[in-house]
Amino acid sequence: MKAFKKRGALTHFQILSEISKQDPHLKQKDLAKTLGITIQAVSENIKTLIELGYITSKDGRSPYKITQAGIDKVKKDAISLRKYSDSVLETMNHYKTIWPAIAKEDLKKEDIVGLYMDNGVLYAHKKEENATGVVLDDAEKDMDVSLTNLTGIIDMTVGEVTVINVPTIKDGGSKSTDLNLINNVYLKGTNTGKPFDKVAVAGTVSRAIAKKLGLNIDIEFAAPQASANAARKGLNIIAICVGDMSKAFTRELENEKIKYNIIDGGK
């Protein structure tokens, strides 16, 4: 869009366009309000447009009149702007929102596939589901596949998070922790009886406790945020955290409106 490359060119175009409406009562404050710029900026631009011969005015004040050169300038810039807008619209018309998923079987371009969430991962296959998409490129089984035209609702229940607060190292760390309680909570599952899908830890003491209990650590860094994200995808999380770290979990989970409960893991 060469017409507007120079500094202030677009503002000149806008001012000339407003003046071309031939409103005899048009004032600088009106232009400033319409264009969202200061009156001083309008005054400086009008002075420049007068010097360029695009408008005429008595003492730089209204009423302003656009000259033939000004009319030609507006037409030229308007055509340039329209061409640019048309090219943008053409690009947008061909633009597709693309979503990634894992192919559960070999898929071909333009296949209509069913979508479902399993263990926090979006899968695509040829079976019927409540949500569907269109395959953009061929994909092999277990590989990533690009999808577009997603419709329907992906069946997914938001998970729960159980936060177990354990003593800091100053308060005895793992030695002051009720390991049997944590193990029982893990085996029992969530309040609704569902098994935990992932184990999160926050803090060195928590890591040591998980290892002691033989729990595989799935989430260790940015645990509050990662736990909330996993729960949003339908996973149930048991999170072991040290001392005041539990506040970060509760804050994140409340912000995301995720169900949770906190258990004191001390002896």
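**Exercise 1: The cavity**

Glu18, Ile19, Gln22, Asp23, Leu26 and Tyr64 line the largest cavity.

Solution. The model is a predicted one, in which local features need pLDDT of at least 70 and side-chain atom pairs count only at pLDDT 80 or more, whereas totals for chains, interfaces and linings use all residues. Residues are numbered from 1 along each chain as its sequence is written, and side-chain values use heavy atoms, with hydrogens and water left out.

Step 1. On a 1 Å grid over the protein atoms alone, a cavity is a set of points where a 1.4 Å probe fits but cannot get out, and lining residues have an atom within 4 Å of a point. By this rule there is 1 cavity of 30 Å³ or more.

**Exercise 2: The barrel**

State the strand order of the closed barrel and trace the partners of Leu115.

Solution. Step 1. Strands (E, at least two residues) and helices (H or I, at least four) are DSSP runs, numbered from the N terminus. Two strands pair if DSSP finds at least two bridges between them. The closed barrel has 5 strands in the order β3-β5-β4-β6-β7, with mixed pairing. From one strand to the next, the twist averages 55°.

Step 2. Strand β4 (residues 112–118) pairs with β5 (residues 121–125) in the antiparallel sense over 5 bridges, and Leu115 stands opposite Ala124 in β5. The hairpin of β4 and β5 has 2 residues between the strands, and Asn119 takes a positive phi near 55° there.

Step 3. β4 also pairs with β6 (residues 131–135), antiparallel over 4 bridges; in β6, Ala131 is the bridge partner of Leu115.

Step 4. Ala131 in turn stands opposite Gly152 in β7. β6 and β7 (residues 144–152) run antiparallel and are joined by 4 bridges.

**Exercise 3: The open sheet and its helices**

Which strands form the edges of the open sheet, and how do α7 and α8 pack against each other?

Solution. Step 1. The open sheet contains 4 strands in the order β9-β10-β8-β11, with parallel pairing. Its edge strands are β9 (198–202) and β11 (260–264), each pairing on one side only.

Step 1. β8 (residues 161–166) and β11 are parallel over 5 bridges, with Thr162 opposite Asn261 in β11. α8 packs on the sheet, touching β8, β9, β10 and β11.

Step 2. α7 lies across β8, β9 and β10 (237–242) and runs at about 160° to β9. Axes are lines fitted to C-alpha atoms, for helices over the stretch in contact, and angles run from 0 to 180 degrees between N-to-C directions.

Step 3. α7 (residues 223–232) and α8 (residues 245–255) pack at about 35°, with their axes 9 Å apart. Ala223, Pro224, Gln225, Ser227 and Ala228 in α7 meet Ala248, Phe249, Glu252 and Leu253 in α8, contact meaning heavy atoms within 4.5 Å. The residues of this contact divide into 6 nonpolar, 2 polar and 1 charged.

Conventions
Ala, Val, Leu, Ile, Met, Phe, Trp, Tyr, Cys and Pro count as nonpolar, Asp, Glu, Lys and Arg as charged, and the others, Gly among them, as polar. On a 1 Å grid over the protein atoms alone, a cavity is a set of points where a 1.4 Å probe fits but cannot get out, and a pocket is an open set with protein on both sides within 12 Å along at least five of seven lines; lining residues have an atom within 4 Å of a point. Grid points are joined across faces, edges and corners, and a volume is the space filled by probe spheres set on the points.
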